Amino acid sequence: MESRLASAAFVLVFAVYLFLASVGGVARYIPEPRENAFNSLSRGLLSGHLYTTKEVPPGLAALADPYDPSANVEFRTNAAYMVHDYSYYKGRMYLYFGVAPALLLFIPFHLLTGSWLSQWMAVALLCTAGLLVNVLLVRSVKKAFFPGSPAWILAASVLLLGFGSYAPILLARADKWEVPIAFSYLFVSLTLRFLWEALGHPEKCARWVALASLSLGIAFAGRPSVLPVGAILLLPFLLPEPRKSLRTWAAAILPLGFCGLGVALYNQMRFSSPFDFGQRYQLAAEKVSNMKIFSLEYLGANLNLFLFKAVDWRSYFPFANEPAYGASSKNHGMIEHLSGALLNDPVLWAALAIVAFVIIRRPGARLGLFVAAAGWAFLSALTLMALFCGICSRYQFEFLPALALLAALGVMAAENALTGGRLALARCVWIPALIFSSAFTVLYSVNRIVEDHGTAAIVMTSKGDLRDANHEVEIDRFLSPGDPLFRLESGVIMVAAGHQAAAQSVFAALTRDFPDYGLGHYNLGRVLATEGRTDEAIAELAEARRLAPDNMAVARDLNEELAKRGPGNPR
């Protein structure tokens with residue numbers, strides 16, 4: 001019964017992963033998988049060099065400063081080039097991302113199948129594999145310490161690990177940025193799994209510690225930010241037998257050290273320094289070399305955004321919408337699609353239950369040290385990401401899987417430690433929390449997909465690609481029929497096609513149905529302005545300005561219309 005329920009839950013999670021990753025539609029930018037970032041790197045490696053096969057856009061090298069965002073914007077965003085977030089160095093295009101996903105996933109897939117793996121499928125497979133590792137780990141902990149748990153508890157753990165970890169939000173835009181994060185998730189999960197075995201089998205500790213060290217080294221080669229997690233390799237040495245074993249010490253140091261040396265050599269051969277990952281050569285929306293990448297000044301605000309930021313709840317599907325973020329530090333970079341995990345994913349609070357269980361019940365060193373390992377994996381990754389200059393939802397997947405793992409163990413601890421009325425009360429708390437958390441992460445993922453397709457529609461319209469723009473609008477209409485965004489997009493496309501009267505009707509209806517939708521008023525004002533109806537245009541633009549005071553385009557167009565009316569023409 002336990003296996004059947006858990007398997008059904010696993011299949012459900014996997015199906016949701018595939019749906020979100022495939023509908024996310026990042027492949028619309030690079031429809032041919034062989035041209036995506038990691039396959040471009042893989043093709044370069046197979047050809048015997050460390051740079052990608054991505055061609056340098058003509059004219060980029062001729063720029064006085066090719067890293068100036070205002071100068072290179074055409075090369076970064078033009079569909080013919082698409083080199084945004086590549087590293088440009090000495091006339092070649094590199095990836096500042098780790099090389100391990102190319103070596104261990106994309107190249108083997110190509111050699112085995114003759115095809116090229118799409119990045120969205122890679123992220124879905126990596127997240128699914130990581131989930132499987134964590135489910136098997138939880139089952140092992142259950143067998144060792146919580147054998148009295150009900151048969152269905154493992155299925156609940158699958159949902160918690162699969163949805164509560166924020167994996168759906170990562171999968172909603174499974175692109176080159178998400179590949180190394182999903183890759184490191186899998187190998188950090190394997191590290192914890194091997195560490196669990198090392199703590200339970202002191203006589204075979206060296207073998208398991210070696211595997212844990214190797215897994216962490218591979219994770220580092222894919223995502224260098226996981227390095228602080230490496231401190232968990234010291235935990236087995238708190239036990240007397242491993243501490244006395246030189247073999248176990250070597251097992252902890254050598255595999256991770258070997259991977260670290262490999263990464264250093266890779267960097268040296270690319271950028272002439274073992275410590276240079278190429279990020280300062282990044283072609284980005286901001287000049288990276290001028291940015292304060294890590295700073296304590298970001299810590300408080302980022303922790304609040306990561307853990308406690310409320311989303312904007314709406315009355316139409318998918319209900320959970322990206323919030324406004326307000327002012328941030330002048331040195332702060334992007335803030336993108338955040339949601340406070342402890343506020344919107346409340347089942348994660350169950351992690352406190354396993355901590356309390358270990359402190360109060362003292363079940364033994366194995367469980368205690370493992371909880372410490374998962375806790376450090378969570379806290380170290382959270383702290384590092386909170387010190388970073390820009391934050392987004394994909395960074396949350398760097399630390400939330402470890403917290404979800406602790407929460408799954410916390411639910412099991414509560415189910416075993418409590419009885420009678422206390423157990424019933426606990427279930428009245430954690431089961432609704434799990435349902436809400438699972439629903440939230442999926443709904444917020446759909447919101448991200450809708451926003452991405454909406455942005456794509458606007459961009460395609462601005463470039464005259466009305467057919468593909470309409471396709472993006474239809475996807476939004478399917479995913480969120482009540483969302484004003486697809487109606488806005490439809491009107492923008494009508495304007496681009498020269499159907500001003502039809503667009504005016506769309507925008508007018510939009511502002512009637514959604515009077516607080518600033519972009520609706522803004523676009524209606526622009527259409528009215530083109531028809532010479534200055535006073536009506538000013539009224540709509542002024543309302544848009546009130547609703548979106550930080551939107552510079554609204555302020556600019558409003559001022560232009562006010563200038564047309566002139567001081568001698570009263571309202």
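**Contacts, core and a helix**

Modeller: This is a predicted model. Leaving aside neighbours within four places in sequence, I354 is in contact with F146, L367, V371, L406, L409, G410 and A413.

Biologist: What makes these count as contacts?

Modeller: Contact means heavy atoms within 4.5 Å.

Biologist: Which residues have the most contacts inside the largest nonpolar core?

Modeller: They are F306, I354 and L367, in a core of 166 residues. Helix α8, residues 178–200, gives the most to this core, with 14 residues.

Biologist: Why is W249 called partly exposed?

Modeller: Its relative accessibility is 31%. Buried means under 20% and exposed over 50%, so W249 counts as partly exposed.

Biologist: What is the nonpolar surface patch made by?

Modeller: L234, L246, W249, I253 and L254 make the patch, which has an area of about 550 Å². Patch residues need over 30% relative accessible area, and W249 has 31%.

Biologist: Where does W249 lie?

Modeller: W249 lies in helix α11, residues 246–271.

Biologist: How do you know that the reach of α11 is close to the expected one?

Modeller: α11 has 26 residues and reaches 36 Å from its first C-alpha to its last, against 38 Å expected at 1.5 Å a residue.

Biologist: Which elements cover the buried residues of α11?

Modeller: The buried residues of α11 include T248, A251, L256 and F271. Their cover includes α2 (37–46), β1 (87–89), β2 (92–94), α9 (205–222) and α10 (240–243).

Biologist: What follows α11?

Modeller: S272 follows α11, and its phi is positive, near 65°.

Terms used
Residues numbered from 1 in each chain as written. Predicted model: local features only at pLDDT ≥ 70, side-chain atom pairs only at ≥ 80, totals over all residues. Heavy atoms only, no water. Patch = residues over 30% accessible without salt bridge, like charges linked within 9 Å, V, L, I, M, F, W, Y side chains within 5 Å. Areas by Shrake-Rupley, 256 points an atom, 1.4 Å probe, with all protein chains shown as cover. Salt bridge = Lys/Arg side-chain N within 4 Å of Asp/Glu carboxyl O. Helix = DSSP H or I, 4+ residues; strand = E, 2+ residues; numbered from the N terminus. Buried < 20%, exposed > 50% of the residue type's maximum accessible area, 1.4 Å probe, protein only. Expected span 1.5 Å × (residues − 1). Core = buried A, V, L, I, M, F, W, Y, C linked by side-chain atoms within 4.5 Å.
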